[in-house]
Amino acid sequence: MAPPSISSQLNEATAPPVTILRPLKGIDSNLRENLRSSFLQVYPNFELILSVADESDLAVGVVRELMSEFPKVDAKLLIGERIVGVNPKVNNLVRGYEKAKHDIIWILDSNIKVTNECLGLAVDILCGDSANGLVHHLPSVTHEQNSTPSLGSRVEWCVINTSHAKMYTAINSTSFGLASCVVGKSNLFRRSDLCGVGASADQISKGLEKFGKYMSEDNCIAQTILRHGKKHVLAPYGLAVQTHSSSSAMTLRDCVERHTRWKRTRKFSVPLATLVEPLTELVVNGVMGALGWKWLVGVNPYLFFFAHFIVWLGCDILIAGSLDPESRFPVGPWFLKELFALPHYLFAVSGSTVNWRGKLLKLRWDKTIVAVENKTRIFDDSHIIEETIKIDSQAITQPSEKIFTQGISPKISISHSQNCTKTLIIAKETLEEALTSSKKKKDRKPVFESHLFLKKKHRYSVMLNNSANAKEDNFNQKI
């Protein structure tokens with residue numbers, strides 16, 4: 001049970017003012033309730049800035065409804081990003097960071113829900129000791145009540161509420177603020193501490209820009225504050241809770257890709273810690289323990305591993321239960337997570353690229369990232385198929401090149417939804433001309449890059465256009 005916040009009981013004139021920054025992109029699971037938790041903070045002096053890169057983003061409507069629901073909250077919506085690097089989160093945040101009225105900043109991801117007292121308790125910690133420079137919260141996952149979680153959501157629940165929780169808590173409890181282990185789900189810090197002593201007001205307002213070139217901007221921010229002589233504190237009260245619902249269930253592939261991104265980022269950010277990471281998992285730890293005890297005192301390795309398995313499972317049930325007491329512990333997905341922990345680790349650390357928010361990024365050893373052009377190969381003419389394309393509910397059969405996605409690529413399939421039709425528009429030369437041209441070449445595999453067909457002398461612009469009123473004759477003229 002958290003004690004009452006001292007800062008929350010102050011009046012508006014005496015409470016340390018805070019700016020809450022929430023970057024948005026799309027409709028995250030439980031988005032409305034996540035954002036509402038910011039509006040409901042029991043704190044006398046804060047402003048709320050919600051930022052989105054594109055006005056057509058579906059999150060905009062949710063934000064405007066909440067702003068109407070809570071007119072007394074000092075909230076504003078910023079639309080449009082500013083490109084300061086490759087990191088899309090920083091590009092989305094930087095304008096709000098500059099426009100913030102206050103020195104204390106609370107960066108809170110859009111998929112996170114917090115308690116109403118969370119801000120006040122965090123401010124108590126930050127301002128309670130002049131040595132404290134950053135307050136962060138332990139991430140956890142829960143499932144929406146009366147929902148049926150997908151397998152991916154259950155595995156994610158197990159990873160965050162067991163393995164990640166143990167690692168995160170252990171490092172932050174034993175480093176005494178001397179090491180950096182900070183995840184950017186919920187971070188509270190002063191902009192002046194990030195820039196250091198002697199920084200001008202302009203330097204302070206633009207202090208976030210330099211982190212746009214990093215993948216792990218959260219850890220880099222934390223390390224910078226640490227170098228400036230300030231400590232990190234893991235808040236003993238309050239969690240950064242991510243809620244999974246049936247309507248936006250995480251697939252197993254989504255879960256694997258997310259943690260592949262995290263592991264690869266850690267590989268380039270903290271390589272030594274990543275090197276010993278398998279030792280923190282059940283199977284590798286248990287096998288080494290069983291062999292060690294057999295060699296030392298002749299303990300039966302099978303009995304040792306069985307006992308190790310039971311104790312490990314029991315500890316994980318207790319830890320996960322303390323973070324999410326409402327959910328039942330999923331033993332099957334937990335076993336799946338532990339069984340494939342080492343294969344997934346080896347797969348993750350063998351690569352150097354990650355997909356984040358629709359962008360393919362390459363990681364570098366200096367912790368920076370560079371964008372990689374997405375590529376899709378097109379099969380040669382022997383694989384031309386008949387594809388049915390629906391325009392205004394009228395089916396039109398068109399010969400088209402079968403498109404095969406290798407790795408991560410733009411979604412360029414042609415489909416029909418209830419409210420809009422995606423129309424493929426090909427400029428300059430038609431796709432048929434491109435294929436005819438390619439038949440004359442030995443290489444019959446043009447490459448799709450960044451929404452452009454490139455084949456030696458031919459350049460074919462391609463884009464997806466939302467058109468509810470697309471006409472059949474117009475389509476035939478284009479294709």
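This report walks through the sheet, the helices around it, some charged pairs and a surface patch.

The model is predicted, so local features need pLDDT of at least 70 and side-chain atom pairs count only at pLDDT 80 or more, while totals for chains, interfaces and linings use all residues. Residues are numbered from 1 along each chain as its sequence is written, and side-chain values use heavy atoms, with hydrogens and water left out.

**The sheet**

Let us start with the strands. Helices (H or I, at least four residues) and strands (E, at least two) are DSSP runs, numbered from the N terminus. Two strands pair if DSSP finds at least two bridges between them. Here, seven strands make up an open, mixed sheet in the order 3-2-1-4-6-5-7. At its edges are strand 3 (74-79) and strand 7 (231-244), each pairing on one side only. From one strand to the next, the twist averages 20 degrees. Angles like this run from 0 to 180 degrees between N-to-C directions, and axes are lines fitted to C-alpha atoms, for helices over the stretch in contact.

Strand 3 pairs with strand 2 (residues 46-52) in the parallel sense over six bridges. Within this pair, Val 52 stands opposite Ile 79. Helix 2 (residues 59-69) packs on the sheet, touching strand 1 (18-24), strand 2 and strand 3, and its direction makes about 160 degrees with that of strand 3. Touching, or contact, means heavy atoms within 4.5 Å. Elsewhere, helix 5 (residues 151-174) lies across strand 5 (132-143) and strand 7, at about 155 degrees to strand 5.

Ile 79 belongs to strand 3. Not counting residues up to four places away in sequence, Ile 79 touches Val 52, Asp 54, Glu 55, Arg 64 and Arg 95. Its relative accessibility of 29% makes Ile 79 partly exposed; buried means under 20% relative accessible area, exposed over 50%, and partly exposed in between (1.4 Å probe, protein chains only).

**An enclosed helix**

Helix 1 (residues 31-39) is largely enclosed by the rest of the structure, because seven of its nine residues are buried. Its buried residues pack against strand 1, strand 2, helix 2, strand 3 and strand 4 (104-108).

**Charged pairs**

Side chains of opposite charge can pair when their charged atoms come close. A salt bridge is a side-chain nitrogen of Lys or Arg within 4 Å of a carboxyl oxygen of Asp or Glu. The whole structure has 18 of them, and the table shows some.

| Pair | N to O distance |
|---|---|
| Glu 69 and Arg 36 | 2.8 Å |
| Lys 185 and Asp 109 | 3.8 Å |
| Glu 277 and Lys 263 | 3.6 Å |

Glu 277 lies in the loop between helix 10 and helix 11 and Lys 263 in helix 9, so this pair ties together parts that are 14 residues apart in sequence. Glu 277 is buried at 14% relative accessible area, and Lys 263 is buried at 12% relative accessibility. Both Lys 185 and Asp 109 are buried. Arg 82, Glu 98, Lys 206 and Glu 209 are linked in a network of salt bridges.

**A nonpolar patch**

Which residues form a nonpolar patch on the surface? They are Leu 272, Leu 275, Val 276, Leu 279 and Met 288, with about 520 Å² of accessible area together. Patch residues have over 30% relative accessible area and no salt bridge; like charges are joined within 9 Å, and nonpolar side chains (Val, Leu, Ile, Met, Phe, Trp, Tyr) within 5 Å. Accessible areas come from the Shrake-Rupley method with a 1.4 Å probe, and for residues only the protein chains shown count as cover. Val 276 sits in the loop between helix 10 (271-275) and helix 11 (282-297).
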